[in-house]
Amino acid sequence: MSTAFATEPLRIVAVSAGLSQPSSTRLLAERLAGAARERLAAEQDRTVEVRVIDLRDLAVDIANHLVTGFPPSTLDEAIKEVTEADGLIAVSPVFTASYSGLFKSFFDLIDNTALTGKPVVIAATGGTARHSLVLEHAMRPLFAYLRATVVPTSVYAASEDWGSSGDEYTDGLPSRIRRAGGELATLITGGRAASGASRVLGLDDEVVPFEQQLADLRLD
């Protein structure tokens, strides 16, 4: 390994599909990136750079690219940053029991081999914990198709999670963020972590029939 390569910064890119401003989706993306950066800084000597990409700012460019096949320079740069990142964080608000159309449209523009082996944290925001299964039903299969290496811990933030520290049975949101960020850091530095593993349901999980998740939910 050359000295120049060894001293290059590690790059974490977080993609937020939140539509409002301020956005809980972007806030979750920032906190996950911060947790990964903190772990990386503690465990190795290279500097860590973080970039958060707001898809709301690229919505028109994404639509034009889907129609014309030619990405504007700002969108082309965003795609390049995602595909060249050392680690990726992907966060979407829940719309109709799945990720948002804007989120899907952006990742539709990425070649299905461009993220091969790339460490990824998946996360989502919504109004109720009943929609947390969107992470396993929709987002994890999407990144499996893109051949990314998804960390075992996915993070869902419902409205009530932002003010809760958890209890004896349930990890609070800050704890889950730290765990997911740590797993991303481990994969970035070449550590071992399970890829594509589904989370085992715990005592705090409410099992909801998938049909009940079809209610339109929007919190971004």
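**View 1. Five residues make one aromatic cluster.** Tyr99, Phe103, Phe106, Phe107 and Phe143 form this cluster in the predicted model. The structure holds five aromatic pairs. Rings of Phe, Tyr and Trp (its six-membered ring) pair if their centres lie within 6.5 Å; planes under 30 degrees apart count as stacked, over 60 as edge-to-face and the rest as tilted. Residues are numbered from 1 along each chain as its sequence is written, and side-chain values use heavy atoms, without hydrogens and water. Local features need pLDDT of at least 70 and side-chain atom pairs count only at pLDDT 80 or more, while totals for chains, interfaces and linings use all residues.

**View 2. Two ring pairs in close-up.** A pair of aromatic rings is described by the distance of the centres and the angle of the planes. For tyrosine 99 and phenylalanine 103, the centres are 5.7 Å apart and the planes stand at 35 degrees, so this pair is tilted. Both residues are buried (under 20% relative accessible area; exposed is over 50%, partly exposed in between, with a 1.4 Å probe and protein chains only). Phenylalanine 106 and phenylalanine 107 form an edge-to-face pair, with 5.2 Å centre to centre and 85 degrees between the planes. Phenylalanine 106 is buried at 0% relative accessible area. Phenylalanine 107 is also buried, at 2%.

**View 3. The largest nonpolar core.** A nonpolar core is a set of buried Ala, Val, Leu, Ile, Met, Phe, Trp, Tyr and Cys residues joined through side-chain atoms within 4.5 Å. The largest one has 37 residues. Val82, Leu88, Phe103, Phe106, Phe107, Leu115 and Phe143 touch the most other members. Elements giving two or more residues include β1 (10-16), β3 (87-95) and α6 (134-145). α6 gives the most, with six residues. Helices (H or I, at least four residues) and strands (E, at least two) are DSSP runs, numbered from the N terminus. Apart from this core lies another, of 26 residues, among them Leu28, Val52, Val121 and Leu187.

**View 4. Leucine 88 and its contacts.** Contact means heavy atoms within 4.5 Å. Residues up to four places away in sequence are not counted. Among the residues that leucine 88 touches are Val13, Val15, Val82, Phe107, Leu115 and Leu184.

View 5. Asp61, Ile62 and His65 are the buried residues of α3 (residues 59-68). They cover an arc of only 100 degrees around the axis, which puts them on the same side of α3. The arc is that of the directions from the helix axis to the C-beta atoms. On the other side, Val60 and Val67 are exposed. The cover over the buried residues includes α4 (73-84) and α5 (101-108). Just after α3, glycine 69 takes a positive phi of about 85 degrees.
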